[in-house]
Amino acid sequence: MKYTLKEILANTSSYLFYRRGEEIFNKTYRPTILLKEVKPDGDIIYFPFSAVVNNIPTETFSDTEAAIIKGARAFAFDEERMRDRKFLDMLYDILKKYEDRIDFVIMTQNALNAMFLLAQYTRAKKFSKDLKVICVTGSIGKTSTTEMVYSIFKQKHKIFRGDPMVNLRLRINHKLIEADSDCEYLLFECSGAIKGYLKKFSELLVPDGVILSKVGTENLGKYGSIQNIADEKCSLMTCLRPDSTAVLNDSPEIRNAARNYNCKQIFTKEGDYKLIKTDNSGSEFLYKGEKYTLSVAGEHQINNAIKAIELAKSFNIDDESIKKGLFEFQSVGSRWMTDKYKDAVVVTDAPNNPSYETMISCITTFLNIYKDSPLKRVVISGIRELGTYEKEVHTKLAEFIAQQDIDELICVEKEAKTVYDYIKEKAPHIKTVYFDKPEDIDENDPFVKYILDTLDEKQALLIKAQGIDPVVMYEKVRLVLNRILKGI
């Protein structure tokens, strides 16, 4: 999206701090908060920010010079940073060094809030009145469901969803200013990890359609109950109109929460389809008399697919586009990646903080697909954000695992110690191994070394663990295995 300087100033509560000439008022500029998006095309205005992103303090004002070198023609700054001598000196140094490159600098009270204000203006004024907005949330399955919707709608329409798996407030606001003004649909995956955000997303985006994939134990420690989580997720429906559509997973908690909202509501039940086949190459199923094919494994993906189908039909998307979109859908992130090492098959599924429900679903799918393997092994890490429910939920997970046809369970990190202790005592027929949190993922780490040393016989191994973690990135295990065993 492009904006005139007058638009930017009028809608960001900012003022012009520096300008190089009058011609800047006749040009248009594309704002970005991402250094990677800065290109030497002469129309970028860089918005640095200071915020906590995924629990990590992030400050990008120091990247301003790099943005100018890469080709940005202007940038925002804020008065708060002007009170810090380090940043003040940096500002004047940049202006002195790159005077011939910089068209202007705008000064704001807070550059990040200025970008949020620009997003609000963009949603209200910069798109066609026929634009439709779709939002997806849920504890489980929101990324896959979002990508299914995108794959379906892009068959016949111009739909923007930006980078996948980007669902926090900072980037959702930025996505609005990334999109082209002629888009027919905007698609957003919306995280409810922070209380109140989904209501704010609803007020900003004013969606025409919402999908709530499923609620589960993720963030149970923060919200206190599944019902409270359902209430929070359903707040994405706040600004839906009576003719808007919400496709909701059918559970008592979601039905109870959804009563507060006045829109068309479609509830989908898990397993409300006829399975034709499922294996590691994908699934075929019948839903309401139509046959659909997914190229990804897992019956949980079918449950995501029927929500995408219902939403697409509510927007009058034709059956051919729905079927083609689902067939072309591919998982994103570290989801269900299969590798073969001689006689061993290793499935890595480590997208983010797993919930109890995703653990159950993933392990069940794995055991169904590899039921004939002579040796079945499962790696798990702990479930986070459970608060006082940590032992209760992990015990429940252990009770499930104890009943499964698993030969070996490998538990990693202290959060999984409850599962390890339970299985060791209550299910001695399952070999149990425990490792503390690795300092780093490489071939010398005891956990990784154990995996490497035990892949010498025919087996199926599932690594179901934390993927996005400030300390340990479990998808790196797969990279180490590929490097050591495949030489890639």
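Lys and Arg count here as positive and Asp and Glu as negative, with His and the chain ends not counted, and the place of a charge is taken as NZ of Lys, CZ of Arg, CG of Asp or CD of Glu. The model is predicted, so that local features need pLDDT of at least 70 and side-chain atom pairs count only at pLDDT 80 or more, while totals for chains, interfaces and linings use all residues. Residues are numbered from 1 along each chain as its sequence is written, and side-chain values use heavy atoms, leaving out hydrogens and water.

**View 1. Charged side chains of the protein chain.** The protein chain carries 71 positive and 72 negative side chains, and 3 Å separates the centres of the two sets.

**View 2. The buried face of helix α16.** In helix α16, which covers residues 417-426, the buried residues are V419, Y420 and I423; buried means under 20% relative accessible area, exposed over 50%, and partly exposed in between, with a 1.4 Å probe and protein chains only. These buried residues line one face of α16, because they fall within an arc of 100° when seen down its axis, the arc being that of the directions from the helix axis to the C-beta atoms. Helices (H or I, at least four residues) and strands (E, at least two) are DSSP runs, numbered from the N terminus.

**View 3. The opposite face of α16 and the cover of its buried side.** Exposed residues E425 and K426 sit on the face of α16 turned away from its buried side. The cover over the buried residues of α16 includes β20 (376-381), α15 (390-402), β21 (408-412) and β22 (431-435), where contact means heavy atoms within 4.5 Å.

**View 4. The surroundings in the whole chain.** Buried residues make up 56% of the 488 residues, and the chain has 18 helices and 23 strands.
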